Amino acid sequence: MVADKGKKLKVGEKGEEENVEHIDGDLVLSIEKLQEMQDELEKINEEASDKVLEVEQKYNEIRKPAYDKRNDIIKSIPDFWLTAFLSHPALGDLLTEEDQKIFKHLDSLEVEDFKDVKSGYSITFNFKANPYFEDTKLTKTFTFLDEGTTKITATSIMWKEGMINGVAHEKKGSKRPHVDESFFTWFSDTQQKDDMDEIHDEVAEIIKEDLWPNPLTYFNNEADEEDFDGEEGDEEEKGSEDDDDEEDDDEGDDDDDGN
């Protein structure tokens, strides 16, 4: 009887092992099939990305004349880009008082993707003749390299004598004066970015993706704030008038009670 029990246990264990192997085999097969589907989806996604880039490149060319016309209209609006920058929640703090004086000479701004959209873009600031630097066209370019780094180049600004980043400095020996953080220190920073750092320049991305598509939104912010301040003033004035009326009414009631 004991021997029979031992045989039954061994048979049971063998059956369990076969069942586990069967489950493992089904699991491996399912995972392999799932990987095949993921590979197929990846190919479709790559094709979709290529098509999206083709469409983006096509519409970049279509948008270009409209952007040019928009720039022509903007030139007729005083301090347009200065106001738009100052009204932007992320870009406003970048402009120092000296930067703001220089931005009064900013005539137009252009953002242009490379023909191969995913390989980079450039931002160009076109200035009128001004007392700060010799250049009228300042361009900062971002090139995305295959190894995951971003190559950055920028026009070397030819500051006029006595000017450093828009600030007038007297010559005092050969020591270079300290320069505060400003729009022009950002512009002149061409340190290469990699995966460990920021792959994209945050300021440039904000200009490209947020300010450039519709700068009127931020230009109007200034007008909206002025209107809002005016409304607040009107309400405060109205409120004080109402308080005065209530006080007059109270005084009238007191007189009546006295009589």
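The largest pocket has a volume of about 590 Å³. A pocket here is an open set of points on a 1 Å grid over the protein atoms alone, where a 1.4 Å probe fits, with protein on both sides within 12 Å along at least five of seven lines. Volume is the space filled by probe spheres set on the points, which are joined across faces, edges and corners.

This is a predicted model: local features need pLDDT of at least 70, side-chain atom pairs need 80 or more, and totals for chains, interfaces and linings use all residues. Numbering runs from 1 along each chain as its sequence is written, and side-chain values use heavy atoms, without hydrogens or water.

Now the lining. It has 20 residues, each with an atom within 4 Å of a point. Nearest the centre lie Asn 60, Arg 63, Val 111, Glu 112 and Asp 113. Helix H1 (2–74), strand S1 (106–113) and helix H5 (202–211) each give two or more residues. H1 gives the most, nine. Helices (H or I, at least four residues) and strands (E, at least two) are DSSP runs, numbered from the N terminus.

Next, Ile 123, in strand S2 (residues 120–127). Buried or exposed? Ile 123 is buried, because its relative accessible area is 0%; buried means under 20%, with a 1.4 Å probe and protein chains only. Beyond four places in sequence, its contacts (heavy atoms within 4.5 Å) include Leu 109, Val 111, Ala 204 and Ile 207. Lys 140 is another contact. Ile 123 and Lys 140 are 17 residues apart in sequence, with C-alphas 5.4 Å apart.

Notes: Buried < 20%, exposed > 50% of the residue type's maximum accessible area, 1.4 Å probe, protein only.
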